[in-house]
Amino acid sequence: MSLWEMLAVLAAGTAAGTINTIVGSGTLITFPVLLAVGLPPVTATVSNALGLVPGSVSGAVGYRKELKGQRGRVIRLSVSCLVGGLAGATLLLALPSTAFETIVPVLVTLALVLIVLQPRLSRAVQGRRERTGTPARPEGGPVLAVGLVLASVYGGYFTAAQGIIYLSLMSMLIDDTMQRLNAVKNVLAAVVNSVAALFFLFVADFDWTAVLLIAVGSTLGGQIGARVGRRLSPTVLRCLIVTVGICAIVQLLLR
């Protein structure tokens, strides 16, 4: 890479780390830049996954205040994500690079619809619980576990917009604030990125320069994202998620 290409990858990593911590979809920033500097698609995907691991951890650390009291929930949900992430990483090397291109925009669109309808759906679910006397499940129950496994299969494969899918699933099935769920989302993303990265280290080709540049940038971006994200109201955060998600859908359809 030339100096300007290295600076571009570093800047993309910082932007991706910031937006991943607040919402998700940072891969839609880094992946095109890696392709633009000459990396093959699979090498770019693997390098991106490795580089974003420190950013995911940085974002989770930045949200440590919102994670208090959620240890049990995080551990249970992380198991589902770990299984799905490993399966997705395996599929990346086994399937053609276009395998998920058709289904991804549909998944992200569905996730955005759930995010928009979340307040109304949550009230409906809470009303039903009150009528039937059914207690809320703090970990979301088996439906959420299965949903996270499937979302993490996709996350281990490509990662773009996985945070939006996680947030939509959790906000539907867990009665908690968006900020606390966003904190959990950052941990789950870190789990999936980490397990995929460990798998890739032994079986896939990657570019160490790209990995290091994205790692440095995403670590810085994770801290920026945590500072900005926790100041957003639930309504503003929801609007930001929808805006980023729409941009992600457009880019995925045009790519």
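**Basis.** I worked from a predicted model, in which local features need pLDDT of at least 70, side-chain atom pairs count only at pLDDT 80 or more, and totals for chains, interfaces and linings use all residues. Residues are numbered from 1 along each chain as its sequence is written, and side-chain values use heavy atoms, with hydrogens and water left out.

**Helix α5.** I began with α5, residues 71–94; helices here are DSSP runs of H or I with at least four residues, numbered from the N terminus. Its 24 residues reach 34 Å from first C-alpha to last, close to the 34 Å expected at 1.5 Å a residue (the expected span is 1.5 Å times one less than the number of residues). I then listed its buried residues (under 20% relative accessible area, 1.4 Å probe, protein chains only): R73, V74, L77, S78, S80, C81, G84, G85, G88, A89 and L92. The elements covering them include α3 (41–62), α4 (64–67), α7, α8 (162–173) and α9.

**α5 against α9.** I found that the two axes come within 8 Å and cross at roughly 40°; axes are lines fitted to C-alpha atoms, for helices over the stretch in contact, with angles from 0 to 180 degrees between N-to-C directions. The crossing is right-handed, that is, the near helix is turned clockwise from the far one by less than a right angle. Among the α5 residues in contact (heavy atoms within 4.5 Å) are L82, L86 and L93, and the α9 side includes V184, V195 and F199. By class, I noted 19 nonpolar, three polar and two charged residues in this contact; Ala, Val, Leu, Ile, Met, Phe, Trp, Tyr, Cys and Pro count as nonpolar, Asp, Glu, Lys and Arg as charged, and the others, Gly among them, as polar.

**α7 against α9.** Helix α7 (141–157) packs on α9 (178–203) at about 50°, with the axes 10 Å apart. I therefore record α7 as oblique to α9 (angles under 35 degrees are roughly parallel, over 145 roughly antiparallel, 65 to 115 roughly perpendicular, the rest oblique). This crossing, too, is right-handed. L148, S152, G155 and G156 of α7 meet L188, V192, A196 and F200 of α9. These residues divide into five nonpolar, three polar and no charged.

**Two buried residues.** T30 lies in α2, residues 27–36, and counts as buried at 0% relative accessibility. Beyond neighbours within four places in sequence, I found T30 in contact with A12, G13, A16, N48 and I214. G59 lies in α3 and is buried at 1%. G59 and T21 are 38 residues apart in sequence, but 5.2 Å apart in space, C-alpha to C-alpha.

Technical notes:
Buried means under 20% relative accessible area, exposed over 50%, partly exposed in between (1.4 Å probe, protein chains only).
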